[in-house]
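Have the sequence and the structure open side by side as you go.

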Amino acid sequence: MEYIYAAMILHTTDKEINEENVTKILDAAGVDVDDARVKALIAALEDVDIEEAMETSALAAAPAAAAPAAAAAPVEEEAVEEEEDEEEAEEEAAAGLGALFG
(Lines give C-alpha, C1' and ligand atoms only; values in the text may rest on other atoms or scores of the structure.)
Protein backbone atom coordinates (compact mmCIF):
# COMPACT_ATOMS: atom_id res chain seq x y z
CA MET A 1 0.00 0.00 0.00
CA GLU A 2 2.85 2.40 0.73
CA TYR A 3 3.80 2.36 -2.95
CA ILE A 4 0.29 3.42 -3.95
CA TYR A 5 0.25 6.07 -1.24
CA ALA A 6 3.51 7.46 -2.58
CA ALA A 7 1.93 7.75 -6.04
CA MET A 8 -1.13 9.43 -4.54
CA ILE A 9 1.04 11.95 -2.71
CA LEU A 10 2.88 12.76 -5.91
CA HIS A 11 -0.41 13.14 -7.77
CA THR A 12 -1.91 15.37 -5.07
CA THR A 13 1.15 17.63 -5.05
CA ASP A 14 1.19 17.81 -8.87
CA LYS A 15 4.58 16.10 -9.09
CA GLU A 16 5.49 13.63 -11.80
CA ILE A 17 4.88 10.03 -10.81
CA ASN A 18 8.14 8.38 -11.80
CA GLU A 19 10.56 5.87 -10.29
CA GLU A 20 12.85 8.53 -8.82
CA ASN A 21 10.07 10.47 -7.05
CA VAL A 22 8.31 7.36 -5.73
CA THR A 23 11.64 6.05 -4.41
CA LYS A 24 12.38 9.38 -2.69
CA ILE A 25 9.03 9.36 -0.88
CA LEU A 26 9.40 5.75 0.20
CA ASP A 27 12.95 6.37 1.41
CA ALA A 28 11.78 9.39 3.39
CA ALA A 29 9.10 7.22 5.00
CA GLY A 30 11.68 4.64 6.02
CA VAL A 31 10.43 1.95 3.65
CA ASP A 32 12.89 -0.64 2.34
CA VAL A 33 12.32 0.12 -1.35
CA ASP A 34 12.01 -2.73 -3.83
CA ASP A 35 13.00 -1.34 -7.25
CA ALA A 36 10.99 -4.02 -9.05
CA ARG A 37 7.82 -3.00 -7.21
CA VAL A 38 8.46 0.67 -8.02
CA LYS A 39 8.88 -0.17 -11.72
CA ALA A 40 5.74 -2.32 -11.66
CA LEU A 41 3.78 0.51 -10.04
CA ILE A 42 4.93 3.05 -12.62
CA ALA A 43 4.06 0.62 -15.45
CA ALA A 44 0.65 -0.13 -13.93
CA LEU A 45 -0.21 3.56 -13.56
CA GLU A 46 0.91 4.46 -17.08
CA ASP A 47 -2.60 4.42 -18.60
CA VAL A 48 -4.59 5.17 -15.42
CA ASP A 49 -6.47 8.40 -14.81
CA ILE A 50 -5.62 8.69 -11.12
CA GLU A 51 -8.18 11.44 -10.44
CA GLU A 52 -10.97 9.27 -11.84
CA ALA A 53 -9.73 6.22 -9.95
CA MET A 54 -9.70 8.15 -6.66
CA GLU A 55 -13.24 9.46 -7.25
CA THR A 56 -14.50 5.99 -8.13
CA SER A 57 -12.95 4.43 -5.04
CA ALA A 58 -14.36 7.21 -2.84
CA LEU A 59 -17.85 6.57 -4.21
CA ALA A 60 -17.48 2.83 -3.68
CA ALA A 61 -16.28 3.36 -0.10
CA ALA A 62 -19.28 5.49 0.90
CA PRO A 63 -21.89 2.68 0.82
CA ALA A 64 -19.45 0.35 2.54
CA ALA A 65 -19.01 2.86 5.35
CA ALA A 66 -22.79 3.06 5.80
CA ALA A 67 -23.09 -0.70 6.32
CA PRO A 68 -21.49 -0.75 9.81
CA ALA A 69 -23.84 2.00 10.93
CA ALA A 70 -26.82 -0.07 9.84
CA ALA A 71 -25.40 -3.09 11.60
CA ALA A 72 -25.08 -1.07 14.82
CA ALA A 73 -28.83 -0.43 15.00
CA PRO A 74 -29.73 -3.90 16.42
CA VAL A 75 -27.10 -3.46 19.12
CA GLU A 76 -28.74 -0.20 20.19
CA GLU A 77 -32.15 -1.92 20.32
CA GLU A 78 -30.69 -4.66 22.51
CA ALA A 79 -29.24 -2.05 24.87
CA VAL A 80 -32.64 -0.34 25.18
CA GLU A 81 -34.29 -3.71 25.91
CA GLU A 82 -31.68 -4.47 28.58
CA GLU A 83 -32.30 -1.08 30.23
CA GLU A 84 -36.05 -1.73 30.25
CA ASP A 85 -35.49 -5.17 31.80
CA GLU A 86 -33.31 -3.61 34.51
CA GLU A 87 -35.95 -0.96 35.24
CA GLU A 88 -38.65 -3.64 35.54
CA ALA A 89 -36.46 -5.65 37.92
CA GLU A 90 -35.87 -2.56 40.07
CA GLU A 91 -39.61 -1.81 40.18
CA GLU A 92 -40.41 -5.41 41.18
CA ALA A 93 -37.75 -5.27 43.89
CA ALA A 94 -39.15 -1.97 45.19
CA ALA A 95 -42.67 -3.42 45.22
CA GLY A 96 -41.42 -6.41 47.20
CA LEU A 97 -39.77 -4.11 49.78
CA GLY A 98 -42.97 -2.08 50.04
CA ALA A 99 -44.88 -5.22 50.94
CA LEU A 100 -42.49 -5.85 53.82
CA PHE A 101 -43.08 -2.44 55.36
CA GLY A 102 -46.55 -1.65 54.25
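## Confidence in the model

In the protein, confidence is lowest in helix H4 (residues 50–101), with a mean pLDDT of 65, and highest in helix H2 (residues 19–28), at 96. Here pLDDT is the predictor's confidence in each residue, from 0 to 100, while helices (H or I, at least four residues) and strands (E, at least two) are DSSP runs, numbered from the N terminus. Over residues 97–102 the pLDDT is below 50, and beyond near neighbours in sequence this stretch has zero contacts in the model; a contact means heavy atoms within 4.5 Å. For the protein, the mean pLDDT is 78, and 63% of residues reach 70 or more.

This is a predicted model, so to speak of its ground rules: local features need pLDDT of at least 70, side-chain atom pairs count only at pLDDT 80 or more, and totals for chains, interfaces and linings use all residues. Residues are numbered from 1 along each chain as its sequence is written, and side-chain values use heavy atoms, with hydrogens and water left out.

## Overall layout

The secondary structure comes to four helices and zero strands, and from the N terminus on the elements run α-α-α-α. Among contacts between residues at least 6 apart in sequence, 47% join residues at least 24 apart.

Of the 102 residues, 12% count as buried. Buried means under 20% relative accessible area, exposed means over 50%, and partly exposed lies in between (1.4 Å probe, protein chains only). The protein exposes about 7800 Å², and carbon and sulfur atoms supply 56% of that area. Accessible areas come from the Shrake-Rupley method with a 1.4 Å probe; for residues, only the protein chains shown count as cover.

## Helix H1 and what follows it

Which residues of H1 are buried? They are Tyr-3, Ala-6, Ala-7 and Leu-10. Seen down the axis of H1, these buried residues fall within an arc of 95°, so they line one face of the helix; the arc is that of the directions from the helix axis to the C-beta atoms. They pack against H2 and H3.

Thr-12 also has its place in helix H1, and at 55% relative accessibility Thr-12 counts as exposed. Thr-12 and Ile-50 are 38 residues apart in sequence and 9.7 Å apart in space, C-alpha to C-alpha. In the loop between H1 and H2 sits Asp-14, with a positive phi of about 60° although it is not a glycine. Most residues other than glycine have a negative phi. Asp-14 is exposed, at 69% relative accessibility.

In H2, the buried residues are Asn-21, Val-22 and Leu-26. Looking down the axis of H2, they fall within an arc of 130°, so they line one face of the helix. Their cover includes H1 and helix H3 (35–44). The face of H2 turned away from the buried side carries the exposed residues Glu-20 and Ala-28. Just after H2, Gly-30 takes a positive phi of about 85°.

Glu-20 forms a salt bridge with Lys-24, the closest N and O atoms being 3.3 Å apart. A salt bridge is a side-chain nitrogen of Lys or Arg within 4 Å of a carboxyl oxygen of Asp or Glu, and by this rule the count comes to one. Both partners, Glu-20 and Lys-24, lie in helix H2, four residues apart, about one turn of the helix. The relative accessible area of Glu-20 is 52%, so Glu-20 is exposed.

## Helix H3

Val-38, Leu-41 and Ile-42 are buried in H3. Viewed along the axis of H3, they fall within an arc of 95°, so they line one face of the helix. These buried residues pack against H1 and H2. What does the face of H3 turned away from its buried side carry? It carries the exposed residues Ala-36, Ala-43 and Ala-44.

## A nonpolar surface patch

Met-1, Ile-4, Tyr-5 and Met-8 form a nonpolar patch on the surface, with about 400 Å² of accessible area together. Patches are made of residues with over 30% relative accessible area and no salt bridge; like charges are joined within 9 Å, and nonpolar side chains (Val, Leu, Ile, Met, Phe, Trp, Tyr) within 5 Å. Met-8 lies in helix H1 (residues 2–12) and is partly exposed, with a relative accessible area of 30%.
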